Amino acid sequence: DICRKTAKYLEKIAPKSVKVKVDQHGGAKAVEVPTDGPWLDAAGEAIRKGFGKDPLFMKEGGSIPIVGDFKDILGVDTLLIGFCQNNDNIHSPNERFKLRDFERGCRTAAALPYELAKVAR
């Protein structure tokens, strides 16, 4: 894992007079969420209704540990939908979320159950 490898590297490059101690807190197993299929098609339609534009499905890093648990324990994929813009500086001191995107996200969230209900099981 990345924490163990980082600790090993730091120990290797540290001067002999320096003691290296790395404590790992948290972390989650990596998981890949599909970006195609009927559930994503339904989500795409909800996003079109909410934002008035076609969605951009992309693979992007993140740390939501429960997503891996849902996959491992329940055997199900998770539908992840973000409503912010790429310049909103998520998790930074100057993070923002525009009211317009919040409103469009609310419209998307309202349309999503109806679109998902159309997907055959």
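By class, the residues that line the largest pocket divide into 22 nonpolar, nine polar and ten charged. Please keep in mind that this is a predicted model. The lining is made up of 41 residues, and the pocket has a volume of about 1,600 Å³. Which residues lie nearest its centre? They are Met 58, Glu 60, Leu 80, Ile 81 and Gly 82. As for the elements, those that give two or more residues to the lining are helix 2, which runs 38–51, helix 3, 65–74, and helix 4, 99–117. The largest share comes from helix 2, with four residues.

That brings me to helix 2 itself. The buried residues in helix 2 are Leu 40, Ala 42, Ala 43, Gly 44, Ala 46, Ile 47, Gly 50 and Phe 51. What covers them includes helix 4. After helix 2 comes Gly 52, with a positive phi near 75 degrees.

Setting aside neighbours within four places in sequence, Trp 39 is in contact with Leu 79, Leu 116 and Val 119. For a sense of distance, Trp 39 and Asp 54 are 15 residues apart along the chain, and their C-alpha atoms are separated by 15 Å.

Leu 79 sits in the loop between helix 3 and helix 4. With a relative accessible area of 30%, Leu 79 is partly exposed. Beyond its neighbours within four places in sequence, Leu 79 contacts Trp 39, Leu 40, Ala 43, Leu 112 and Leu 116.

From helix 4, I have picked Ala 111. Ala 111 has a relative accessible area of 12%; the limit for buried is under 20%, so Ala 111 is buried. What does Ala 111 touch, not counting residues up to four places away in sequence? The answer is Ala 46 and Lys 49. Between Ala 111 and Ile 81, which are 30 residues apart along the chain, the C-alpha atoms are separated by 13 Å.

Next, the aromatic rings. A pair of aromatic rings is described by two things, the distance of the centres and the angle of the planes. The count here comes to two aromatic pairs. Phe 51 and Phe 83 form a stacked pair, 6.0 Å centre to centre with 25 degrees between the planes. This pair links distant parts of the chain, since Phe 51 belongs to helix 2 and Phe 83 to the loop between helix 3 and helix 4, 32 residues apart. Phe 51 is buried, at a relative accessible area of 17%, whereas Phe 83 is partly exposed at 23%. Phe 97 and Phe 102 form an edge-to-face pair, with 6.4 Å centre to centre and 85 degrees between the planes. Phe 97 is partly exposed, with a relative accessible area of 40%. Phe 102, at 44%, also counts as partly exposed.

Last, a word on backbone angles. Most residues other than glycine have a negative phi. Asn 89 has a positive phi, near 55 degrees, and is not a glycine. Another such residue is His 91, whose phi is positive at about 65 degrees. Where do they lie? Asn 89 is in the loop between helix 3 and helix 4, and His 91 is in the loop between helix 3 and helix 4 as well. Asn 89 is partly exposed, with a relative accessible area of 35%. His 91 has a relative accessible area of 73%, so it counts as exposed.

That is the end of my part.

Terms used
Residues numbered from 1 in each chain as written. Predicted model: local features only at pLDDT ≥ 70, side-chain atom pairs only at ≥ 80, totals over all residues. Heavy atoms only, no water. 1 Å grid on protein atoms, 1.4 Å probe; cavity = no way out; pocket = protein on both sides within 12 Å on 5 of 7 lines; lining within 4 Å. Points joined across faces, edges and corners; volume = space filled by probe spheres on them. Nonpolar A, V, L, I, M, F, W, Y, C, P; charged D, E, K, R; others polar. Buried < 20%, exposed > 50% of the residue type's maximum accessible area, 1.4 Å probe, protein only. Contact = heavy atoms within 4.5 Å. Phe/Tyr/Trp six-rings, centres within 6.5 Å; stacked < 30°, edge-to-face > 60°.
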